[in-house]
Amino acid sequence: MSQQDSPQPRRVSVKFFANPQPGAALDLAPYIGLFHQFIQEKSVEGLLIDVADYTHVPDGPGILLVGHDVDYGIDLAGGRAGLLTVRKRIEGSSFAEALRDTLVKSTGAIAAIHGSDVDQLQFATDALEIQCRDRLALPNTAGGFDAASAALAPLLAEAFGDAKTDITNDAADDARSPLTLRVVAQSPPDAVALLANLRS
Amino acid sequence: MPGQTWKEELSGRTDPQWEEEIDIFEGQVELRRTGKIDEKVFAETRLRRGVYGQRYDNGKRHDGFAEQPLAFADKPTKGPDTVWDAPGMVRIKIPFGGVSPEQLEVMADLAEEYSDAILHITTRQDVQLHYVHIEDAPDLMRRLAAVGITTREACGNSVRNVTACPLAGVCHTEAFDVSPYAQALMTFLLGHPDVQDFGRKFKPAFSGCEHEACGLVQMHDGGFVARMKDGKRGFKVVVGGGLGPVPHQAQVLSEFTPEEELLPEIQAVARVFARLGEKKNRGRARIKFLVAKLGIEEFRRLVVEERTTLPHDDRWTAFLNDMPHTRGEPVREPAVLNGGARPHGFDAWYATNVYRQRQEGYAVAMLNLPLGDLTSDQTRKLADLSREYAGDNLRTTVEQNIALRFVRESDLPALYEALDAVGLAAAGATTIVDVTSCPGTDTCKLGIAASRGLAGELRKRLSEKSAQLPQAIKDLKIKVSGCFNSCGQHHVADIGFYGNSRKIEGRTVPHFQVILGGQWQNNGGSYGLAVGSVPSKAIPDTIDALTDAYAQGREGDERFQDWTARMGKRSIRELIKPFMPVPSYADDTAYYSDWSDVREFTIGDLGVGECAGEVVSLFGIEVVKAESQAFDAQISIDDGDYETAEDLAYRAMLSSARALVRTEYIDVTEEPDDIVKEWKNRFFDNERFFDKYAKGKFGQYLIDRYANPVASATRDDASRRVEESQLFIEASHACEARVVAEVAAAGGIELEPSANA
């Protein structure tokens, strides 16, 4: 697929899941302070604007660090806590390029969170959820999945190295959902190594 | 499919006129982006398309230590002091709250692709998406238009969403279903030439009943209550209601307007408002001020006269020909709730969230949405459940919930389980745990305090103990606004709050003014009054004290409103007094930040850090007198002594103005002439008293009252003056804070690092 034919979504997201998954009593309040600190210290990539508290929404966005070009969130969607990174306002990049950028931002944020005093959650790299939040560019269809998988495979090889990865369509049963790819990796590198691989 | 656009994708699937309007708007976006049209023109244009500004869109934000620039790209603005790339809000009009599963699905997609995957239901039945980029707005509008939704005139000086009772058509006490009339009014007025030249917005509402809360018509610019007369349908029409800083109860324009006269009458009202309403002073431009100024009799005469000049329009009555008298049809045959197994939690949910319709065998299931929020995933699931159990009969509500109507009663247990699986089965809908809140400082540019933060905290605490609460407490309503503008509708709650602040030890502390005794019934038939300002962090304990006292002290079935009236404001104030003091910063820093926000609190992200002035300033000492006078004025209203109340409220403004003047001119006398002259010269004429958004509105209250003494004050006069005095005092506090900051910035006071230091 040439660059010209490659889908160019305007918004993609990557979610790394917490491992172990927290119990119902998880207190997300410390992440409010941590995210404000990220804004103050510019600890993660992007033009960061504000922090939104959505802990009142069941299985919702949790705590959201809102930016202009990227959002980071301690996300609870699907009943699974994780770090959700939403790359927004992508212009002129292929799906693979946009994903690379999102993975770099996301793994960088994981490193920053793991390096902080807030330790309620640890994020693993053995599974991630990728969503294409642009139904026009990459619809949730078999064709969309094939196109996205093809674009994703080289990037995964680069990021995960020798670790075996599998890609499945996680929203195949509901065409209304955004195209959602589940990536499972065996013996993956940690977030810091993933980031290094993507930057090398 | 690279290259495909939403415009191409949706071409031919949209009303051609709407399509053209969106194309024009998209062209205007491009013209402004390239600097080819004026920023003010573009700002009004986008507002009329429902595209609003959002907090920090001036490109600055206080990060807890200092104001910091947000490094947006250097582009033309999208309005005065409004950065192009800064995120904004899009308000989606949902007439009478009626929404279909297909429409829900589209809004879920839009939230995911352009916003933060959250749909927010507002207190006027709209849906709002936040953090939207201006350049995404045209496609967002196209996708909405393709399913019959517009954002046109959702903001700006226009006719806003037409609201109506969510039980319209299924209610036991209504005269008839008002929903088709609400839809007809919306369709008729949308883009109508006679509603394009208002000085301010116009909010209409419909009610089917007189005595329930229903559509809350008494607090609307224009309200319509269904009535039958000699077997014929019509409406009692009221005008000039409104909340905002100074709330007004609507007045009766017509006891009975036949249905065929509904649209021409409102057209005549619109023409009178457009012609005679205030245009320059936004603070006096709502129709409530015009009605108050002219008197309802003269306003009515003008409307009747205007009606005779209107050229005939077939649309006035065309909608009556094919109007459904009850909107929506059930998807299943009726069946009552049988004696089958009930899932865990069902009974509690049934007790608070289910309303049995007048149609035998059907019920309304109310979704208690936390702070009006639901995710895109939840929204899609809700669309499925609606198709399965309720058809197209969803309604958003002014209590920020969603009603599923025409649910077969025997399906309720299954529906409950399905809702529970996606986090939408919270019990306690419309009870004390179902706290209403405007966006406040989360996203609103005008927010002073964190209304959503407080509402979330209250919801959490009250939910934990709701099972133990007496029924009388469960039945109370709590509503929170982030500022005096009343978007949280705090005036019609049993317990209401609006955000303000106080200067303590040179630091700014978030507070909420406590408003008690508002009436929800009778269409929001009377407003609560302020009893004092309490630090934000002390509000939960304040509520406990108030509700405990009410539970223990109420007589028989006495309502909260009646209890507060019987107790009197002096006694009520004694109840909240223990929660008013603010501990020193050294003793408890928590008071100096707001809910859900660790940053040290600031007002409006001032350009300089908060300063450490004297422990209690001269102003702080002297303004206490003004606050006492304002409070005594309320007591006088309770006592029925309206002339004293009005006079005390005026004196409160004078005392507050004098407190400001004395910070610069210690020898000012107590004579009103001297106070007004000095205050006007030193603070008003040079706009130092002006608020960034309200401008000189609150100062004008004193000037107007000074120039026009009231000969014989009515209860309304007195109540209005008390509201004005409280806002004047608040504005004086804010003015003093700005002055101190200016002095500090000029090197007059030694600055200390403010937040989290």
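Glu153(B) is buried, with a relative accessibility of 2%. This value, like the others below, comes from a predicted model. The residue sits in the loop that runs between helix H5 (137-145) and strand E8 (163-164) of chain B. Although Glu153(B) is not a glycine, its phi is positive, at about 60 degrees. Most residues other than glycine have a negative phi.

Phe406(B), likewise not a glycine, has a positive phi of about 60 degrees. Phe406(B) belongs to strand E17 (residues 402-408) of chain B. At 4% relative accessibility, Phe406(B) counts as buried.

## A cis peptide bond in chain A

The peptide bond between Asn19(A) and Pro20(A) is cis, with omega of about 5 degrees. Most peptide bonds are trans. Pro20(A) is located in the loop between strand E1 (12-18) and helix H1 (29-41) of chain A.

Over all chains, the number of disulfides is zero. For Cys438(B), the nearest cysteine sulfur is that of Cys487(B), 5.7 Å away. Because a disulfide requires two cysteine sulfur atoms within 2.5 Å, Cys438(B) is in no disulfide. Cys487(B) is also in no disulfide, and its nearest cysteine sulfur is that of Cys438(B).

What is the relative accessible area of Cys487(B)? The value is 43%, so Cys487(B) is partly exposed. Cys438(B), at 8% relative accessibility, counts as buried.

Methods: Residues numbered from 1 in each chain as written. Chains lettered and ligands numbered in written order. Predicted model: local features only at pLDDT ≥ 70, side-chain atom pairs only at ≥ 80, totals over all residues. Heavy atoms only, no water. Buried < 20%, exposed > 50% of the residue type's maximum accessible area, 1.4 Å probe, protein only. Helix = DSSP H or I, 4+ residues; strand = E, 2+ residues; numbered from the N terminus.
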